[in-house]
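Trainee: I'm new to this one. Could you walk me through its aromatic rings and explain the labels as we go?

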Amino acid sequence: MKNLCRYIAGLLFLLTVVSCSKNKEKNRGCPPIPLAASLLAIQAIKFQMVDKTSEQDLFFAPNARYALTDIKVVFRNSSNKLDSVSPPLKEEWPTGWHFVYPVTYARNLDTCYIKIKGLKTDTLISTLSVDKGECGTSYALSKVQVNKNAPFAYSFNNITVIKK
């Protein structure tokens, strides 16, 4: 009986060691993602509104034609109801200021509308690519389409220029 208890305990120990070593091999390439890094991974469309003839920024140029209160981004929220933000977020780069519209992961294809006081509404359609890997799912903004123009490849550093 004493040998049987030792045999069962040894067998359980061996199964535990084998199970743990398989889990280590399975998760070896997946480091934990810090919270700050996951927050920085939010995808966003960066856009700038310019005059189609002079190419002067309509909001951030000296003596700009429009005030920040004249622009609104309309989108569908997580409850699938129309919502808006006015003015949208803005960001400064060495090349100047532009607007930023965060894209949610709720839909792979998302549409928002940019309304400027007194001008025709612009439609932005964004496409997220989804990569389901061993370590989890990652999302990347891959294409943006402005109005009925052909969609173009989008990268993190792109600033979409919309001419009015």
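This is a predicted model: local features need pLDDT of at least 70, side-chain atom pairs count only at pLDDT 80 or more; totals for chains, interfaces and linings use all residues.

Trainee: Why is the pair of phenylalanine 60 and tryptophan 97 called stacked?

Mentor: Two values decide that. The ring centres are 6.0 Å apart, and the cut-off for a pair is within 6.5 Å. The planes sit at 25°, and under 30 degrees counts as stacked, so this pair is stacked.

Trainee: What parts of the chain does that pair link?

Mentor: Distant ones: phenylalanine 60 is in the loop between strand S1 and strand S2, while tryptophan 97 is in strand S5, 37 residues apart.

Trainee: Is tryptophan 97 buried, exposed or partly exposed, and how do you know?

Mentor: Its relative accessible area is 32%. Buried needs under 20% and exposed needs over 50%, so tryptophan 97 is partly exposed.

Trainee: What makes phenylalanine 75 and tyrosine 101 a tilted pair?

Mentor: Their planes are 50° apart, with 5.9 Å centre to centre. Stacked is under 30 degrees and edge-to-face over 60, so tilted is what remains for this pair. Phenylalanine 75 is in strand S2 and tyrosine 101 in strand S5, 26 residues apart.

Trainee: How do you know whether phenylalanine 75 and tyrosine 101 are buried or exposed?

Mentor: Phenylalanine 75 has 17% relative accessibility and tyrosine 101 has 6%. Buried means under 20%, so both phenylalanine 75 and tyrosine 101 count as buried.

Trainee: What sits over the ring of tryptophan 97?

Mentor: The charged end of lysine 90, 4.9 Å from the ring's centre.

Notes: Residues are numbered from 1 along each chain as its sequence is written. Side-chain values use heavy atoms; hydrogens and water are left out. Helices (H or I, at least four residues) and strands (E, at least two) are DSSP runs, numbered from the N terminus. Buried means under 20% relative accessible area, exposed over 50%, partly exposed in between (1.4 Å probe, protein chains only). A charge sits over a ring if NZ of Lys or CZ of Arg is within 6 Å of the ring centre and within 35 degrees of the ring normal.
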